[in-house]
Structure formats: C-alpha cells, structure tokens
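Subject: Structure handover

Hi,

Here is the structure for you to look through. Please keep it open while you read my notes below.

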Amino acid sequence: MASVPSGSLSVSRATAREWELVRSWAAEEGWNPGLSDAPAFFAQDPRGFFLGRVDGEPVSAISVVTYDDAYAFLGFYLVRPELRGLGHGLATWRAALAHAGGRSVGLDGVPAQQDNYRRSGFTTAYRTARYVGGIPAPDGPAAGVVGAGQVDPAVLAAYDSACHHADRPRFLSAWLTTPGHRALVRVVDGRPTGYGVVRPAQDEARIGPLFADTPADAAVLLDALAGEARAFGADRIAVDMPESNPAAARLAGDRGLEPTFETARMYTGPVRPVAHERVFGVTTLELG
C-alpha cells in the first residue's frame with residue numbers, strides 16, 4: 001500500500017515531463033485524455049501548469065493557461081482521491097489562479113464542482129455534453145476535405161480565431177502537427193468552410209475542435225475525421241459538443257453518438273464573442 005504524504009503543501013510549476021503523471025490521473029477519473037496532448041498544451045503557455053506537492057510527492061494539479069492579455073483557461077483541477085478534503089485542492093487553485101492576473105478565466109466544470117466555481121466568481125454560460133459512439137458510416141465521399149498542411153496557416157488561424165475567445169497561433173501550430181493528430185480542412189470554392197482534428201486518447205478517439213460553417217460542412221468533416229480514427233486503430237469516437245449550437249446535438253444523433261456526461265462552460269468575466277453557430281465540437285475541456 002502506497003504511503004500517504006502528511007507534510008505541508010507547496011505549489012510550483014510543472015514541466016511537460018511531470019505532466020504525464022497528471023494525464024494518468026485524468027485517465028483514472030474517466031476524462032479520456034489524449035495520449036500526446038502535452039506538447040501542444042505547453043506550447044501555448046509553458047508557465048501555466050502547476051503541481052501541489054507534499055513531502056516532495058505530487059498530490060494535486062491544475063493548469064491556468066494564458067492566451068492573451070484578456071483571456072485564460074483553467075483545467076486539470078485534480079487532487080489524489082485519498083488526499084481530498086484536506087485543503088490541498090483549494091490551496092493549489094489559489095496559487096495557480098494568480099497566474100491569470102486580471103484576465104477573464106474560462107473553465108469547463110463537472111457538475112460536482114460547479115457550486116464551488118460559482119463561489120469563486122465563475123458564472124455559467126452554457127453546457128457541453130460529451131457524445132460517444134462507434135465510428136459512423138459516412139453519407140458519402142469526403143468532398144473537398146484536405147489535410148491541414150495544404151491550407152495557408154494564416155487563413156486557418158483566422159478561421160480558428162472566429163471560434164475561440166482569443167487568438168492562439170502557438171497552440172494551433174502544435175495541435176495540428178502533434179504526432180498522432182490528424183487535422184483536416186473542408187475547402188469549398190477556394191476557402192475553408194470548417195476544420196477539425198482527431199487524436200488517439202486513453203479510450204475513444206477524441207475529435208476536437210470541430211468547427212464548420214454549416215451542419216453539412218460539419219457532417220462531412222465528422223465523417224472524414226472518424227475515418228482517420230479508424231485508420232489509426234480506433235473503433236469509437238468522442239466529441240464534446242456545446243449546447244450553444246443546437247445543430248451539434250442533432251449531428252451527433254444522426255451519427256448514432258450518445259451523450260455520456262456534461263460539463264458547464266463558466267467564466268469569471270467578459271470574453272470575446274465567438275461564432276457559436278460554427279462550434280460543433282470544442283477543442284478540449286482542458287484548454288477550451
């Protein structure tokens with residue numbers, strides 16, 4: 001039986017190598033983390049990842065990743081199960097949240113924590129449901145779908161920025177090219193009408209983001225991304241779909257995907273508007 005550390009808590013920044021432990025904690029919680037997410041996460045803000053340690057041993061974690069001078073995102077709020085209720089989580093939260101400074105902070109909160117987040121100044125904007133299921137049969141050929149490497153990075157970054165509360169070129173460059181990630185763009189009449197990424201994860205392959213101009217564009221991309229998942233050996237997919245775009249849930253139903261659990265998108269203050277009608281799947285619950 002593993003020993004339980006009993007000293008006082010200290011909070012410090014974590015390295016990408018240390019974050020592999022946190023990924024294993026997330027897997028144990030059933031969050032189905034991507035297998036190779038850390039390089040892209042750390043590319044955005046390498047100073048935004050924190051571990052709480054007792055007697056030098058990691059017991060808690062949190063990320064507070066900054067995007068620009070106005071927006072940050074909080075995720076990976078975890079405490080080892082046998083050490084919950086001792087104040088380690090709150091102490092880690094307070095130490096890490098200072099990294100956000102005066103920025104508005106977003107998060108995707110599980111139901112059990114939402115009241116705590118409200119007490120910390122977060123307000124619910126909408127809910128997001130994770131839809132999971134077997135890889136659906138496509139309606140037809142993936143017309144107009146190309147690899148992201150065939151699209152001008154500046155054009156794709158501009159499309160992404162319309163669907164996210166801050167520009168994120170560092171993250172996007174890494175997310176599209178991380179080994180194992182498959183990034184696809186739908187191009188119609190010479191311009192992108194949507195893009196998405198699928199990646200191997202602990203359980204089902206994860207699709208995110210799934211951004212598209214129309215439900216038809218989203219359906220073509222979802223089918224193509226599911227095909228990529230099959231190519232790397234997955235037989236099931238998962239997509240986190242926001243209720244702020246009702247067409248997303250309809251698409252999930254059409255493809256036989258079923259909701260498994262939900263989170264609430266919450267913010268501490270105002271955020272830059274996004275094209276909600278284009279967001280059929282959020283990028284990650286950890287970084288927004």
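**Helix α8**

Helix α8 spans residues 246-254, and its buried residues are Ala247, Ala248, Leu251 and Ala252. Those four sit on the same side of α8, because they cover an arc of only 145° around the axis. The arc is taken from the directions that run from the helix axis to the C-beta atoms. Why does this kind of spacing work? An α-helix has 3.6 residues a turn, so residues three or four places apart point the same way. Arg250 and Asp254 lie on the other side of α8 and are exposed. Buried means under 20% relative accessible area, exposed means over 50%, and partly exposed is in between (1.4 Å probe, protein chains only).

What do the buried residues of α8 pack against? Their partners are β6 (123-134), β10 (205-212), α7 (215-231), β11 (236-242) and β13 (279-281). Contact here means heavy atoms within 4.5 Å. Helices (H or I, at least four residues) and strands (E, at least two) are DSSP runs, numbered from the N terminus. After α8 comes Gly256, with a positive phi near 75°.

**How to read the numbers**

This is a predicted model: local features need pLDDT of at least 70, side-chain atom pairs count only at pLDDT 80 or more, and totals for chains, interfaces and linings use all residues. Residues are numbered from 1 along each chain as its sequence is written, and side-chain values use heavy atoms, with hydrogens and water left out.

Start with Asn32. Find Asn32 in the loop between α1 (19-28) and α2 (38-44). Is Asn32 buried or exposed? Asn32 counts as buried, because its relative accessibility is 2%. Its side chain reaches the backbone oxygen of Glu204 at 2.9 Å. A polar contact is a pair of N or O atoms within 3.5 Å; within protein, one must be able to donate a hydrogen and the other to accept it, and residues adjacent in sequence count only if both atoms are side-chain atoms. Leaving out residues up to four places away in sequence, Asn32 touches several others, including Ala26, Arg130, Asp203 and Ala238.

Now go to Arg199. Arg199 lies in strand β9 (residues 191-199). At 1% relative accessibility, Arg199 also counts as buried. Which side chain does the side chain of Arg199 meet in a polar contact? The partner is Asp37, at 2.7 Å. Gly180 is 19 residues away from Arg199 along the chain, yet their C-alpha atoms are separated by 6.1 Å. Beyond residues up to four places away in sequence, the contacts of Arg199 include Gly34, Trp175, His181 and Phe232.

**Strand pairing**

Two strands pair if DSSP finds at least two bridges between them.

- β7 (residues 145-147) and β8 (residues 182-188) are antiparallel, with three bridges. Val145 has Arg186 of β8 as its bridge partner.
- β8 and β9 are antiparallel, with seven bridges. Val187 has Pro192 of β9 as its bridge partner.
- The hairpin of β8 and β9 has two residues between the strands, and Asp189 there takes a positive phi near 55°.
- β6 and β12 (residues 258-267) run antiparallel, joined by nine bridges. Arg127 stands opposite Ala264 in β12.
- β6 and β11 are antiparallel too, over seven bridges. Arg130 has Asp240 of β11 as its bridge partner.

**Aromatic rings**

How many aromatic pairs does the structure hold? There are 14. One of them is Trp19 with Phe76, edge-to-face, at 5.3 Å centre to centre and 85° between the planes. This pair links distant parts of the chain: Trp19 is in helix α1, Phe76 is in strand β4 (residues 71-79), and they are 57 residues apart. Trp19 counts as buried at 2% relative accessibility, and Phe76 does at 6%.

Tyr195 and Phe211 form an edge-to-face pair, at 5.7 Å centre to centre and 85° between the planes. Tyr195 is in strand β9 and Phe211 in strand β10, 16 residues apart. Both are buried.

Rings of Phe, Tyr and Trp (its six-membered ring) pair if their centres lie within 6.5 Å; planes under 30 degrees apart count as stacked, over 60 as edge-to-face and the rest as tilted.

One aromatic cluster is formed by Trp19, Phe41, Phe42, Phe49, Phe76, Phe171 and Trp175.

Best wishes
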